[in-house]
Structures are given as structure tokens and as C-alpha cells.
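I opened this model to take notes on its helices, rings and loops. My entries follow in the order I looked things up.

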Amino acid sequence: MLSQRMIDRINLQINKEIYSAYLYLAMAAKMNELGYSGVGKWLTVQYHEEMFHAMKFAEYLHDQNAEVSYAKIDNPEFKEKEIKPLFQHVLAHEESVTASIREIMELAITEKDYATQILAQWYIDEQVEEEKNATEIIQKIDLLGNSHQGLYLLDSELAKRESSVPLDFNKI
Ligand code: OFO
């Protein structure tokens, strides 16, 4: 059985994960609008990943017979219109999510809540991946330089990101 403090903290994290999803969806729309369809695709896949993160926490609360409460999602805030600052924003955002997940792990350790520690470990591993993905894209941008050709190549590469849900609405 989870403590009420842990239930509240996980519900807060669900809100943060959905905010992440909403942020990446908004970034995807802006990038698509600017012609970076590959970046838009990458961010749209990321949106789905974030919703999966939120739902995995919600399912855990459900399994523990705890209440899931969905709160208002803030407006996504970003102003970047160029790829490098945009991915720097993604990386900074993921670092803040990592810090938030660590808080859940620390609370689980304090409360000797072993089940939540195991769940939190999944997210800690996932955050290593999330930060690595954003870092690698920034490194590629630096390697390719700010040339139009380089950005085109990167955009084409990001377009290849696989999605576990269909993204081609015309084919459904
Ligand atoms: Fe849910 O990992 Fe990104 O935010």
C-alpha cells in the first residue's frame, strides 16, 4: 500500500509527464510549420513516449488501488525556432524531469517503499536514454555545422525515428 504522500507525488509526476508530451507536441507543430518535418516526426514520437510514461505511472497507481487524479496541464512554453536551441531546451527539460524522478526514488527509499523503488528505477534508466538522445542530436548539429545541407541531412535522419503508434493518419 502506498503512502498518501507517494500517491500525491506520483500524480504530480503524471502531470509532469503529460506536460512533457504537450510541450513536445507543440514543438512538433512549430517545427512542421517551419518545414522541419523530420524534427517534427521525432518530437511527435517523443510525445507518444511521454504519454506512455504518464500512463505507466497511472497503471501503477491503479495496481496499488490508489486514486489517479489528472490535473490541469500548463500551456507548453518555448520560443525556440531553430533546431539547436530547441534541442538544448529538450535536454534542459529532460534534466529537470530526471531530477523529479530522483525525488520519487528518494521518497521511496525514505519510506522503505520497495515496489516504488523498482518502478522508479525503470524511469531512472529511461531518463539516461532521454538525456542521451537529446545530447547526441546536439552533438550531431555541432558536427554538421549550421549549413543548410547539414540541417537537411539531420532532418532526414530524425524522420527515421520509429513510432509504436501509427502516425500516417491518411492510411488509417
Ligand atoms: Fe518522460 O521522459 Fe521525457 O520528459
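Does asparagine 65 count as buried or exposed? I looked it up: asparagine 65 counts as exposed, at 74% relative accessibility. My cut-offs are under 20% relative accessible area for buried, over 50% for exposed and partly exposed in between, with a 1.4 Å probe and protein chains only. The model is predicted, so I note the limits: local features need pLDDT of at least 70, side-chain atom pairs count only at pLDDT 80 or more, and totals for chains, interfaces and linings use all residues. Residues are numbered from 1 along each chain as its sequence is written, and side-chain values use heavy atoms, with hydrogens and water left out.

I then placed asparagine 65 in the loop between α2 and α3. Its phi is near 55 degrees, a positive value in a residue other than glycine. I found a positive phi at lysine 112 too, about 50 degrees, and lysine 112 is not a glycine. Lysine 112 sits in the loop between α3 and α4. Lysine 112 is exposed, with a relative accessible area of 59%. For background, most residues other than glycine have a negative phi.

I counted 5 helices and 0 strands in the protein chain. Helices (H or I, at least four residues) and strands (E, at least two) are DSSP runs, numbered from the N terminus. The pattern along the sequence reads α-α-α-α-α. The C-alpha trace spans about 55 × 35 × 25 Å along its principal axes. Of the 172 residues, 42% count as buried. I also checked contacts, meaning heavy atoms within 4.5 Å. Among those between residues at least 6 apart in sequence, 80% join residues at least 24 apart.

I took helix α3 (residues 83-110) and helix α4 (residues 114-144): their axes come within 9 Å and cross at roughly 165 degrees. Axes are lines fitted to C-alpha atoms, for helices over the stretch in contact, and angles run from 0 to 180 degrees between N-to-C directions. α3 and α4 are therefore roughly antiparallel to each other. The angle classes are roughly parallel under 35 degrees, roughly antiparallel over 145, roughly perpendicular from 65 to 115 and oblique for the rest. I noted the crossing of α3 and α4 as left-handed. Left-handed means that the near helix is turned anticlockwise from the far one by less than a right angle, and right-handed means clockwise. The contact of α3 with α4 has 17 nonpolar, 7 polar and 6 charged residues. Here Ala, Val, Leu, Ile, Met, Phe, Trp, Tyr, Cys and Pro count as nonpolar, Asp, Glu, Lys and Arg as charged, and the others, Gly among them, as polar.

α4 passes α5 in a right-handed crossing. From α4, Ile137, Lys140, Ile141 and Leu144 meet Gly150, Leu153, Leu154, Glu157 and Leu158 in α5. By class, I have 6 nonpolar, 1 polar and 2 charged residues in the contact of α4 with α5.

Which residues does aspartate 155 touch beyond its neighbours within four places in sequence? I listed Gly35, Tyr36, Ser37, Gly38 and Val39. Aspartate 155 lies in helix α5 (residues 148-158), and is buried at 9% relative accessible area. Its C-alpha atom is 9.5 Å from that of glycine 35, 120 residues apart along the chain. Next I looked up glutamine 46, in helix α2. Glutamine 46 counts as buried, at 2% relative accessibility. Leaving out residues up to four places away in sequence, glutamine 46 touches Tyr24, Glu94, Glu130 and Arg161.

Entry 6, rings. I searched the whole structure and found 4 aromatic pairs. Rings of Phe, Tyr and Trp (its six-membered ring) pair if their centres lie within 6.5 Å; planes under 30 degrees apart count as stacked, over 60 as edge-to-face and the rest as tilted. Tryptophan 42 and phenylalanine 87 pair edge-to-face, 5.3 Å centre to centre with 75 degrees between the planes. This pair links distant parts of the chain, 45 residues apart: tryptophan 42 in helix α2 (residues 37-63) and phenylalanine 87 in helix α3. Both tryptophan 42 and phenylalanine 87 are buried.
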